[in-house]
Amino acid sequence: MAFNKYMHPRNIYKSNPPDFNELSEKYPEFAKHLKEAANGKPFINFRSTQAVTELFIALTHHDFKLSIQMPKDRLSPTLPSRLNYIHFVEDLLKTLPDNGDTAILDIGCGSSCVYPLLGVTLNPDWKFTAAEKDEKNYKFAIRNVEKNCLCEKIKVLKVDDESLYLIPNNEQTYTACMCNPPFFDSKHEQGITNSRPSANSSCTGANGELCTEGGDLGFAGKILSESLLNPHKCSWFTTMFGKQSSHNKLRKKLLAHTNLTVVSYELCQGNTMRWILAWSFRKDLNTSNLPESEFQKSRQKRPAKKPLKLVVCTSNHQQTIDSFLQLLDALVNIEKLESKLDSFKLTSYTKGWIGCRKRRRLDQVEMIEEPELTLVCTVDAAHDAENKVTFYFNSTENYREEVNRLITYLKRRLC
């Protein structure tokens with residue numbers, strides 16, 4: 001699925017995609033990676049790290065007048081997604097009272113130092129602290145800041161390898177923090193993810209850029225823990241996620257803290273979606289300005305979907321309903337709803353309705369570390385004179401796929 005239509009509305013690439021032919025004329029290193037499709041349309045191989053790097057270097061210079069150098073063995077960022085995150089932070093800051101300087105912390109700036117460079121280019125009143133642990137990334141980040149004459153606005157901070165903190169433990173406070181964390185728990189998990197159909201993008205970098213203990217959920221969990229210890233360190237704490245399951249788990253933890261304002265947001269670009277969580281302890285926020293993604297807005301405009309149905313031909317209605325409940329009893333928690341006759345609420349933390357081999361594969365990919373609801377729905381049983389019982393399954397969009405799988409399982413055993 002192409003997500004470009006859900007890009008942030010201020011992202012210049014939403015309605016004006018890069019002109020590869022124009023870029024190839026101005027940037028010879030990028031031109032080396034340009035190919036021509038059968039229909040004459042130019043393209044590059046987005047699975048090639050070097051091609052993605054040269055496109056990034058060309059675009060940042062062509063559209064933002066930034067000169068950036070990056071080593072070949074480090075993470076290659078994509079510009080549209082980085083712009084989406086910057087624009088999200090811009091929107092987030094509109095919820096704050098106007099109280100002077102804007103100081104942003106980038107946790108793990110990488111070799112390109114792209115968030116600080118873009119941030120201060122688009123917002124001249126911003127200042128950044130760019131924190132980086134990797135020695136090579138740190139040196140390249142300094143070089144990129146100096147090359148673009150932005151040392152007065154961007155401070156690159158070397159993080160000690162033994163530091164227990166992700167957010168610098170000093171007196172400095174920030175308007176917001178940003179973070180693009182390592183997505184994977186290990187090279188093994190990265191290998192599992194890469195074995196699935198790809199999002200047509202490269203994924204190459206140093207081990208510390210791609211993997212960390214606990215993956216993106218573990219990294220974001222540390223930011224949450226530090227924010228709870230020092231809630232005034234940032235007006236807004238934000239972090240990106242590469243896995244929706246990680247986003248959902250941390251969001252659940254955040255919502256358990258009733259003193260927080262929490263924002264969930266999708267970054268959409270190309271064939272890739274990323275997720276962001278932002279939270280604030282401040283009580284003076286203008287919550288009417290809380291940002292909402294284009295993806296969320298599009299879902300609100302969709303007409304309500306009809307309930308999913310399972311039709312069972314039978315001459316004994318009650319026996320069929322009893323058999324239906326007996327099958328479900330081994331798979332899900334069943335709660336009888338008093339408001340309606342033959343109406344039930346189903347919940348489950350497992351996926352017992354799919355095959356064991358497939359379930360193990362899904363669990364591996366999702367790296368489930370703690371119980372998480374996999375299905376929530378209501379079921380209404382209706383019987384009529386045509387010797388059949390119809391079960392109507394109602395659920396929210398995020399559980400609809402699992403409800404479909406459950407219906408397939410039940411159909412094989414009841415019909």
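Predicted model: local features only at pLDDT ≥ 70, side-chain atom pairs only at ≥ 80, totals over all residues.

I started at strand 8 and strand 9, which pair in the antiparallel sense over nine bridges. Strands count as paired here if DSSP finds at least two bridges between them. Helices (H or I, at least four residues) and strands (E, at least two) are DSSP runs, numbered from the N terminus.

Residues are numbered from 1 along each chain as its sequence is written, and side-chain values use heavy atoms, with hydrogens and water left out.

Back to the hairpin of strand 8 and strand 9: two residues sit between the strands, and Gly270 takes a positive phi near 55°. I looked up Glu266 and found its bridge partner in strand 9, Trp275. Trp275 also stands opposite Phe241. Strand 7 and strand 9 run antiparallel, joined by five bridges. I checked cover too: eight of the nine residues of strand 9 are buried, where buried means under 20% relative accessible area, exposed over 50%, and partly exposed in between (1.4 Å probe, protein chains only).

What order do the seven strands of the open sheet have? I read it off as 5-4-3-6-7-9-8, with mixed pairing. The edge strands, pairing on one side only, are strand 5 (154–158) and strand 8 (261–269). Strand 6 (residues 174–179) and strand 7 (residues 234–241) run parallel with three bridges, and Cys177 stands opposite Phe237 in strand 7.

Next I looked at what packs on the sheet. Helix 5 (residues 114–122) touches strand 3 (102–107), strand 4 (126–132), strand 5, strand 6 and strand 7, and its direction makes about 175° with that of strand 4. Helix 10 (residues 244–255) touches strand 7, strand 8 and strand 9 (272–280), at about 15° to the direction of strand 9. For these angles, axes are lines fitted to C-alpha atoms, for helices over the stretch in contact, and angles run from 0 to 180 degrees between N-to-C directions. Contact itself means heavy atoms within 4.5 Å.

**Cores**

A nonpolar core is a set of buried Ala, Val, Leu, Ile, Met, Phe, Trp, Tyr and Cys residues joined through side-chain atoms within 4.5 Å. The largest one has 52 residues, and Tyr85, Phe88, Val89 and Ile154 have the most contacts inside it. Helix 4 (residues 79–93) gives the most to this core, eight residues. I also found a second, separate core of 30 residues, including Trp279 and Phe281.

**A buried Asn**

I found Asn144 in helix 6 (residues 135–147). Is Asn144 buried or exposed? I got a relative accessible area of 0%, so Asn144 is buried.

**Cysteines**

How many disulfides did I get? Zero, counting a pair of cysteine sulfur atoms within 2.5 Å as one. Cys149 is exposed at 68% relative accessible area, and Cys313 is exposed at 69%.
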